[in-house]
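Colleague: I would like to go through this model term by term and hear what each label rests on.

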Amino acid sequence: MELNPSDLKPKGETATLIGELKPVHPQLLDGRAGCETWSVEFSPDGSYFAWSLGHGIVKLLLWPIEQISDVGLQRSTACKNHICNAARKSHVNKEKTLDCGQTVWSLAFGPRLSKQAENQRDDAKAGPSSGLSSSLLLATGLNNGIIKVWEVKTGHLLFNLTEHRDVVRDLTFAPNGSLILVSGSRDKTLRIWDLTKDRKKAHVLTGHGNWVYSSCISPDCSIIASVCGHNQVYLWSLRSYTFIRYLEGKHCLISCDFSPDGALLITAAFSKELILWDPYTGEALRKLSHCFSPEYFPAPPDVSMRAVRFSPEGLYFASVAEDRAVRIWALGIDSPVMENCYTGVHVSNGLCCAFHPQGGVVATGTRDGYVQFWSTPRIVPSLRHLSRVSLRHSVSTYQVMALPIPNKMKDFLTYRTLARCHESSELHHLQDVVSLN
């Protein structure tokens, strides 16, 4: 059935805590860094969860995580029900502990494929991969500028990438099944590595005025977006390794992510502002605020945003800030449709978040090393939304606007309905999802 307007309440529903991981090492009493969970990630197929739990350690856990009995998971009834309903797999390998020797700031699984790329590969009936591309890898970005690349199946270290001169703050693999890895660092550069070729030499993108905090790759692998704490989004060509343009904002940006079709780019600013951009035209389609919840506690004046991520189907996104909240937003809705409740739950300042690739769960990492798993809306996208995603994966905004189709259809395909802050935009969104409940 279709959702009714009452299904998305203006003040947001409560996100249920379905699981929690506790760090092995307690937080230092003198406040020194070391225990933070700077990054969490699910593998592309959803079978593994990687957790940077502080003190140079990364845990590789099998998902569903119910199968792990000795990592400090705090299970609730909701957690058990969720896992019982999940598709269970026969995992041969147990959890693994990767000792990186340095604080781990970033994680990335690869190779990974967007859904559109998977369909294209299936249509082409591609043969089996060989070498590195046949293995699931995990890249870890360290405090000393080194990137360690591990084989997930065995937990063995394969090699190091050593060109960065400072903290590797962000890592992401190209979503086309290749082993192209993009790294962002406090040395103010992006580096593009082809792990199947000469791993001692990377393409270097320079021009950032500050540390690179976050980067992401468009689903068609044509554009890299990056933010460095300034008010600009940097857009780069992954094909020619050149700068394309800026997207000009008003606040210092810390996180960014492309929608699954590449038609939208979302950014998060320290000031708690979220902006949905059209990366082709540079237009800011929607501005939102990761507002505080005085219902829970007074808002500290110096709290800032930390991370933002799109959901796998592209109709929702999650934001995390130092106000201890994770909020789930729906396209076209001005206020969160879901946010966490703090009653009886240990929650500290949030640093990162990641959706499970099949949806329904978002993981958040905190400053004191905890990971919380929260329920998120589980929906089946409508046929018209799936058609839009399929089209926009390979068609730019300018190409859509040149099509001989009605303007209302152009507005829908280019997400221009997001710019309309009134009741009808809610209804447009509601027509694009079908409840699973």
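This is a predicted model: local features need pLDDT of at least 70, side-chain atom pairs count only at pLDDT 80 or more; totals for chains, interfaces and linings use all residues.

Colleague: How many salt bridges does a search of the whole structure find?

Modeller: The search finds 10.

Colleague: What makes Glu322 and Arg306 a salt bridge?

Modeller: The cut-off is 4 Å between a side-chain nitrogen of Lys or Arg and a carboxyl oxygen of Asp or Glu. For Glu322 and Arg306 the closest N and O atoms are 3.0 Å apart, so the pair qualifies under the 4 Å limit. Glu322 sits in the loop between strand S24 (316–321) and strand S25 (326–330), while Arg306 belongs to strand S23 (residues 305–310), 16 residues apart.

Colleague: Why is Glu322 called buried, and why does Arg306 count as buried?

Modeller: Buried means under 20% relative accessible area. Glu322 has 12% and Arg306 has 17%, so each falls under the 20% limit and counts as buried.

Colleague: With which other residue does Glu322 form a salt bridge?

Modeller: With Arg367, where the closest N and O atoms are 3.2 Å apart. Arg367 lies in the loop between strand S28 (361–366) and strand S29 (371–375), and Glu322 in the loop between S24 and S25, so this pair ties together parts that are 45 residues apart in sequence.

Colleague: Why is Arg367 called partly exposed?

Modeller: Its relative accessible area is 24%. Partly exposed covers the range between the 20% limit for buried and the 50% limit for exposed, so 24% belongs there.

Colleague: How do you know that Arg327 and Glu339 meet in a salt bridge?

Modeller: Their N to O distance is 2.9 Å, and the limit is 4 Å, so the pair counts. Arg327 is in strand S25 and Glu339 in strand S26 (residues 338–340), so parts 12 residues apart in sequence are tied together. Both residues are buried. Elsewhere, salt bridges that share partners join Asp278, Glu283 and Arg416 into one network.

Colleague: How many aromatic pairs does the search find?

Modeller: The whole structure has 15 aromatic pairs.

Colleague: Why is the pair of Phe42 and Phe373 called tilted?

Modeller: The ring centres are 6.5 Å apart and the planes stand at 55°. Stacked needs under 30 degrees and edge-to-face over 60, so an angle of 55° is tilted. Phe42 is in strand S3 (residues 40–42) and Phe373 in strand S29, 331 residues apart. Both are buried, and Phe42, Phe49, Trp63 and Phe373 form one aromatic cluster.

Colleague: What makes Phe310 and Phe317 edge-to-face?

Modeller: The angle between the planes is 65°, with 5.9 Å centre to centre. The angle is over 60 degrees and the distance is within 6.5 Å, so the pair is edge-to-face. Both Phe310 and Phe317 are buried.

Colleague: Which ring does the charged end of Arg199 sit over?

Modeller: The ring of Phe159, 3.9 Å from its centre; the distance limit is 6 Å. Arg186 lies over the face of Trp211, at 4.0 Å from the ring centre.

Colleague: Why is strand S20 described as mostly covered?

Modeller: Five of its five residues, 265–269, are buried. Leu265, Thr267 and Ala269 point one way, Ile266 and Ala268 the other, and all are buried. In a regular strand the side chains alternate between the two faces of the sheet.

Colleague: What makes S20 a partner of strand S19 and of strand S21?

Modeller: Pairing needs at least two bridges. S19 (residues 253–258) and S20 have five, in the antiparallel sense, and S20 and S21 (residues 273–277) have four, also antiparallel, so both pairings count. Thr267 stands opposite Cys256 and opposite Ile275 in S21. The S19 and S20 hairpin has six residues between the strands, and Gly262 in its turn has a positive phi of about 80°. The hairpin of S20 and S21 has three residues between the strands, with Lys272 at a positive phi near 80°.

Methods: Residues are numbered from 1 along each chain as its sequence is written. Side-chain values use heavy atoms; hydrogens and water are left out. Helices (H or I, at least four residues) and strands (E, at least two) are DSSP runs, numbered from the N terminus. Buried means under 20% relative accessible area, exposed over 50%, partly exposed in between (1.4 Å probe, protein chains only). Rings of Phe, Tyr and Trp (its six-membered ring) pair if their centres lie within 6.5 Å; planes under 30 degrees apart count as stacked, over 60 as edge-to-face and the rest as tilted. A charge sits over a ring if NZ of Lys or CZ of Arg is within 6 Å of the ring centre and within 35 degrees of the ring normal.
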